[in-house]
Amino acid sequence: YLERALIEVGKERGISALYLASGEKSYSRLLEKQRENVDHAIETLQLKLINRQKTFMNIVKIGENRAILDTQSYEQMLESLGSLPTIRKMVDNGESDFDTIILNQYTRKLSELILKNLQQADRFILTANIRELSGLLNRLYTSQEFTGLTRDFISYYLEKRKAMDAKSIS
């Protein structure tokens, strides 16, 4: 459920970048459809995710060096997902610049928190082989997220028909 939410939020971020670059003239129907997909993914996540309001989250430690589930991180993520309507208003109204919306709102406020929680599964892996596979999967999630962010920046500048400055490239 976390993976689906991460993918769908990334898609909305990308379409929002195109929407902003087009001067809010194009991509509105596509953005509306993607917002529905994100809402569905988040609704599913909230229904399926175990959190403090639904059940007791203190998971018993497995072995001496195992950490328990970081419930605070889950709660922070769920709270941040609640800010999505505000982020969408910023996109729709053009209240903020591209960097603020894409980097600060979609990426730092949403995607990074989802990714952090997605990677918590490592805490409960018992065997070295599975831990290695899980590490590969986590690197894949991280690569996928940063590739998507790069795609969003490039799409924005291509749609805007504007050269990327040195700050944006780095």
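Colleague: In which helix is the place of D152?

Modeller: This is a predicted model, where local features need pLDDT of at least 70, side-chain atom pairs count only at pLDDT 80 or more, and totals for chains, interfaces and linings use all residues. Residues are numbered from 1 along each chain as its sequence is written, and side-chain values use heavy atoms, with hydrogens and water left out. Helices are DSSP runs of H or I with at least four residues, numbered from the N terminus. D152 falls within residues 128-160, which form helix α6.

Colleague: Does D152 count as buried or exposed?

Modeller: Buried means under 20% relative accessible area and exposed over 50%, with partly exposed in between (1.4 Å probe, protein chains only). The relative accessibility of D152 is 1%, so D152 counts as buried.

Colleague: Which side chain does a polar contact join to that of D152?

Modeller: A polar contact is a pair of N or O atoms within 3.5 Å; within protein, one must be able to donate a hydrogen and the other to accept it, and residues adjacent in sequence count only if both atoms are side-chain atoms. Contact in general means heavy atoms within 4.5 Å. Not counting residues up to four places away in sequence, D152 touches G10, R13, G14, A17 and F98. The polar contact, at 2.5 Å, is with the side chain of R13.

Colleague: Are α1 and α2 roughly parallel or antiparallel to each other?

Modeller: Axes are lines fitted to C-alpha atoms, for helices over the stretch in contact, and angles run from 0 to 180 degrees between N-to-C directions. The two helices, α1 and α2, pack at about 160° with axes 9 Å apart. Angles under 35 degrees count as roughly parallel, over 145 as roughly antiparallel, 65 to 115 as roughly perpendicular and the rest as oblique. The relation of α1 to α2 is therefore roughly antiparallel.

Colleague: Which residues is I15 in contact with, leaving aside neighbours within four places in sequence?

Modeller: I15 lies in helix α1 and, at 11% relative accessibility, counts as buried. Its C-alpha is 10.0 Å from that of S26, eleven residues apart in sequence. The contacts of I15 are Y27, L30, L31 and Q34.
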